[in-house]
Amino acid sequence: MENRNTILSHLYMDGVYNEIEDRHNPLFAPTIHEETYRYLSAIKSVCEQHGANLILIKIPNSAYPQTYEATWTRKKHDLAVEFAKKMGLPFIDFKYDIDCGIDYSRDSWDGGGHLNLNGTLKVTDALGKWISLNYPEFINHKNKTIEQKLPLYKELKWTCELQLENDFLEYLSKLSAPNKELVVFFSIQDTGLAESKEDEKQALSSYGFKTNFHEISYGDSFIAVVDNGIIRYECTSNREQSHSYLIDENTKVNLYSAGWECANGTSISINNIENAIRWRGLNIVVYDKTANMVIDSVCFDFLDSTINNPRRDNHAINKMRFDYQYYLYEHPEAVK
């Protein structure tokens with residue numbers, strides 16, 4: 001759309017036809033306000049006073065300018081390059097100058113407008129390499145505060161990566177991480193595992209389950225509890241089923257599962273609070289015993305190949321993430 005720079009109008013008035021062209025008003029033409037120069041000049045001055053290097057960076061995004069005003073385009077890139085030269089500042093464009101390998105279906109939480117953790121890690125890695133190459137004096141720089149907080153960051157990073165993982169095989173692999181005290185609850189609804197692929201069935205078997213997943217039908221239910229890597233309960237039935245499990249004396253979990261042909265439902269409630277996504281497929285809830293909280297809830301729909309699979313409640317996930325972050329900073333001794 002940004003290339004439609006000629007306004008072409010067909011005007012009929014009083015029986016007279018005119019074809020009007022205007023090449024002076026391009027569509028989605030980028031501009032930089034004069035106030036931007038003033039603010040950036042002030043920021044540059046402060047950086048110079050403190051011996052800091054100011055670098056302009058553009059994080060990659062991909063969308064339509066008609067629907068998302070901040071969509072980055074080649075014209076905006078070219079204008080930004082000239083702007084940076086005028087200001088005497090380095091400019092890194094991670095969309096047009098440096099390819100970070102961004103896959104917007106996996107590395108963005110909204111399809112291209114904003115990066116998620118996966119995309120941020122790719123950009124951060126590329127930025128780190130650029131800084132190391134252009135500012136080698138930073139390579140051996142040590143910061144005690146960062147070193148102290150790094151274990152907390154790595155713990156939170158692992159949890160965020162789990163909450164963002166969309167690949168079923170990778171997700172099961174992450175659940176087997178060492179030094180994690182997790183209770184993982186499984187419950188299927190509707191078609192459940194009947195449409196899962198061969199490698200997905202194999203991954204479940206490798207995880208430790210004894211169920212023959214090749215024999216599961218649309219009408220079957222499935223419930224499982226894995227506590228610290230040990231399967232404490234596992235049951236498949238051609239009828240709806242339920243099971244209760246005590247994580248500790250104060251935490252009771254009630255599970256329910258029913259396939260498409262037998263009531264069709266699912267539930268994973270902890271102390272009477274529902275935590276399952278309750279969607280068609282395999283519902284999974286991950287509970288951290290050290291923090292005494294749920295850190296992820298997801299449903300893998302083996303019939304859905306769109307960007308909506310797997311399904312999560314983003315609002316609930318964001319709350320889990322913040323709650324877990326606060327827990328880590330209040331209990332640094334819990335980080336192994």
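Asp-125 is partly exposed, with a relative accessible area of 43%. In the terms of this report, a residue is buried under 20% relative accessible area, exposed over 50% and partly exposed in between, computed with a 1.4 Å probe and protein chains only. The partner of Asp-125 in a salt bridge is Lys-129, at 3.3 Å from N to O. A salt bridge here is a side-chain nitrogen of Lys or Arg within 4 Å of a carboxyl oxygen of Asp or Glu. Lys-129 counts as exposed, at 56% relative accessibility.

Both Lys-129 and Asp-125 belong to helix α4 (residues 117-134), where they stand 4 residues apart, about one turn of the helix. Helices (H or I, at least four residues) and strands (E, at least two) are DSSP runs, numbered from the N terminus. The model is a predicted one, in which local features need pLDDT of at least 70 and side-chain atom pairs count only at pLDDT 80 or more, whereas totals for chains, interfaces and linings use all residues. Residues are numbered from 1 along each chain as its sequence is written, and side-chain values use heavy atoms, with hydrogens and water left out.

## Further salt bridges

By the salt-bridge rule the count comes to 11. Side chains of opposite charge can pair when their charged atoms come close. One of these pairs is Asp-323 with Lys-319, whose closest N and O atoms are 2.8 Å apart. Both residues lie in helix α8 (residues 314-330), 4 residues apart, about one turn of the helix. Asp-323 is partly exposed at 29% relative accessibility, whereas Lys-319 is exposed at 51%. Elsewhere, salt bridges that share partners join Arg-106, Glu-165 and Lys-174 into one network.

Arg-311 forms a salt bridge with Asp-304, the closest N and O atoms being 3.7 Å apart. Asp-304 counts as buried, at 13% relative accessibility, while Arg-311 is partly exposed, with a relative accessible area of 23%.

## Negative surface patch

Asp-167, Glu-170, Glu-198 and Asp-199 form a negative surface patch. Patches are made of residues with over 30% relative accessible area and no salt bridge; like charges are joined within 9 Å, and nonpolar side chains (Val, Leu, Ile, Met, Phe, Trp, Tyr) within 5 Å. Accessible areas come from the Shrake-Rupley method with a 1.4 Å probe, and for residues only the protein chains shown count as cover. Lys and Arg count as positive and Asp and Glu as negative; His and the chain ends are not counted. The place of a charge is taken as NZ of Lys, CZ of Arg, CG of Asp or CD of Glu.

At 42% relative accessibility, Glu-170 counts as partly exposed.

## Overall form

The chain holds 8 helices and 13 strands. Its radius of gyration is 27 Å, well over the 20 Å that the globule rule gives for 336 residues, so the chain is more spread out than a compact globule. The radius is taken over C-alpha atoms, and the globule rule is 2.2 Å times the number of residues to the power 0.38.

Along the principal axes, the C-alpha atoms of the chain fill a box of roughly 75 × 70 × 35 Å. Of the 336 residues in the chain, 40% are buried.

## Contacts across the sequence

Leu-182 lies in strand β5 and is buried, at 4% relative accessibility. Leu-182 and Met-293 are 111 residues apart in sequence, yet their C-alpha atoms are 10.0 Å apart in space.

Asp-110 is found in the loop between α3 (104-107) and α4 and is partly exposed, at 35% relative accessibility.

## Positive phi angles

Most residues other than glycine have a negative phi. Asp-190, however, has a positive phi near 60 degrees. This residue is found in strand β5 (residues 182-190) and is buried, with a relative accessible area of 15%.

Asn-264 likewise has a positive phi, of about 60 degrees, although it is not a glycine. Asn-264 is located in the loop between β9 (251-259) and β10 (265-270), and at 29% relative accessibility it counts as partly exposed.
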